[in-house]
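Have the sequence and the 3D view open while you read.

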Amino acid sequence: NKFTLGMIGLGTMGRNLLLNMADNDFKVTGYDKDPKMLQKLEEDGKAHNLKGFASLEDFIRSLELPRRVMLLVPAGQIVDSVIKELVPLLDKGDMIIDSGNSHFTDTSRRATELSEEGIHFFGMGISGGEEGARFGPSMMPGGDKTAYNAVKPILEAVSAKVNGDPCVAYIGPGAAGHFVKMVHNGIEYSMMQILAETYDLLKNGAGYNNDQIYGLFEKWNNGRLKSFLLEVTRDIFKVKDEKTGGYLLDLIKDEAKSKGTGKWTSQVSMDLQLPIPTINESVSSRDLSKFKALRVALSNALPHKRIEITDKKTFEVQLEQALYFAMITSYAQGLHLLEQASKEFKYELNLKEISQIWRGGCIIRAELLEDIYQAYSKQAGLPHLYSDSGIQQQLEEIIPATRAIVISAIQNGIAVPCYASALTYFDSLRTDKSPLNLTQAQRDFFGAHTFERIDEEGIFHADWNSNNL
Ligand code: 6PG
């Protein structure tokens with residue numbers, strides 16, 4: 001009568017995931033230093049007689065062998081200190097599954113350190129927030145594959161399902177799970193920023209009020225743009241503040257915070273030299289938003305015009321297409337980065353499976369992921385999402401409208417960093433002859449960095465100052 005799995009950390013995510021496991025008839029328990037958290041677990045888990053432990057030793061003793069211990073504690077130092085307390089109590093073959101948003105390099109280090117102790121360490125990304133944890137998240141576990149089989153039935157049972165398929169799959173060795181979750185969050189940042197820019201275009205550009213924006217988002221969400229993020233964004237435009245009776249959104253400071261996963265995605269992309277400019281712009285936009293005083297001063301000194309809309313219907317049709325394009329591009333960049341990281345870090349990522357498990361439960365779930373999943377099902381080694389013929393057909397349809405939207409935003413001084421970068425990313429990628437031959441010439445001119453020629457093999461250097469080259 002021992003427990004099948006034990007959770008360390010009974011905050012919102014840990015508690016809800018445990019309740020989800022109990023709903024699925026798994027015999028589970030938890031541990032938290034904070035007695036209030038244990039009490040909350042007991043209250044919420046009354047129907048399942050779910051109880052936790054206040055002593056780590058008792059908690060560990062209560063688990064069946066090999067032990068499955070899941071951590072849902074804040075990422076960073078805390079994970080290391082929990083592991084340090086835990087290891088002397090564990091036996092060879094036991095498993096620790098870190099389900100927080102840990103940095104993938106921490107996960108690699110921990111996996112190596114723990115394998116020396118004979119303990120299997122998993123880094124697993126969980127997406128879906130509180131609701132997801134409680135009723136079905138999308139999960140991205142990485143680590144030792146044999147050990148994974150010991151937790152697979154639990155994860156599959158509690159995960160979200162799309163057409164009966166569980167939104168969890170073994171992602172790959174080492175830190176692959178946390179890497180993929182990090183990129184998921186990079187895409188999440190980008191999609192959020194694109195929606196923010198859409199709001200800006202509609203409200204500050206075209207003078208729409210919150211009700212009109214709600215209506216438009218509602219309409220769009222009934223079509224190909226249907227997604228979790230558009231749905232929650234739509235709903236925000238309806239919520240009124242209890243105190244003032246006005247829209248809550250209008251009372252929120254326009255300075256965005258972040259916990260780091262988007263920034264990590266951008267940092268890694270630079271290290272791997274795999275461009276994800278739209279995701280980068282979303283990270284920078286959050287950082288730029290913090291310069292409130294400077295923004296106010298400059299907007300007073302240098303005010304901008306509003307977009308003049310002569311034909312509201314055309315504007316809405318074009319904006320829907322531009323939004324769809326920017327969403328496709330966010331996924332395209334994230335998936336391209338995964339492809340490169342898979343080669344670099346030997347993660348053996350399967351993009352078909354990753355797009356499959358992102359279709360439900362997670363924050364970036366969207367109707368569009370079905371097309372992406374189909375694209376990778378047709379061709380496993382697809383070089384880029386833009387390379388798929390189905391996606392290409394859609395691009396041809398939506399690019400002209402995207403140009404019209406970006407042009408009018410730029411003409412009227414409305415900042416659309418993600419829209420604009422998505423479009424120039426597209427234009428750069430389908431340029432057969434880039435102007436970077438000039439960059440090579442410049443590098444060779446002032447630094448003798450050499451260049452390659454199109455008509456001859458080899459490495460060349462020219463004396464650029466000589467007139468008779
Ligand atoms: C998820 C979310 C989740 C969380 C992010 C938010 O997939 O469920 O991504 O992990 O919302 O950590 O990150 P920021 O605080 O950086 O926006």
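In which sense do β2 and strand β3 pair, and over how many bridges? β2 and strand β3 (residues 52-53) pair in the parallel sense, over two bridges. Strands here are DSSP runs of E with at least two residues, helices are DSSP runs of H or I with at least four residues, and both are numbered from the N terminus. Two strands count as paired if DSSP finds at least two bridges between them. This is a predicted model, in which local features need pLDDT of at least 70 and side-chain atom pairs count only at pLDDT 80 or more, while totals for chains, interfaces and linings use all residues. Residues are numbered from 1 along each chain as its sequence is written.

Within this pairing, glycine 30 has glycine 52 in β3 as its bridge partner. Between β2 and β3 the chain passes through helix α2 (residues 35-44), and this β-α-β crossover is right-handed. Right-handed means that, with the strands pointing away from the viewer, the path from the first strand over the helix to the second runs clockwise.

Strand β1 (residues 5-8) is also parallel to β2, joined to it by four bridges. Glycine 6 has threonine 29 in β2 as its bridge partner. From β1 the chain reaches β2 through helix α1 (residues 12-23), again in a right-handed β-α-β crossover.

In a regular strand, side chains alternate between the two faces of the sheet. In strand β2 (residues 28-31), Val28 and Gly30 on one side and Thr29 and Tyr31 on the other are all buried. A residue is buried if 20 or more other C-beta atoms lie within 10 Å of its own, exposed if 12 or fewer, and partly exposed in between, with C-beta atoms placed from the backbone.

Next comes the core. A nonpolar core is a set of buried Ala, Val, Leu, Ile, Met, Phe, Trp, Tyr and Cys residues joined through C-beta atoms within 7 Å. The largest one has 130 residues, of which Ile96 and Tyr419 touch the most other members. Helix α15 (residues 312-345) gives the most to this core, with 15 residues.

Last, the annotation. An unreviewed UniProt entry marks Lys181 and Glu188 as "active site"; positions follow the numbering used here, feature names are shortened, and annotations may be inferred rather than shown by experiment. Lysine 181 is in helix α9 (residues 176-205), and glutamate 188 lies in helix α9 as well. Lysine 181 counts as buried because it has 29 C-beta neighbours inside 10 Å. Glutamate 188 counts as buried because it has 23.
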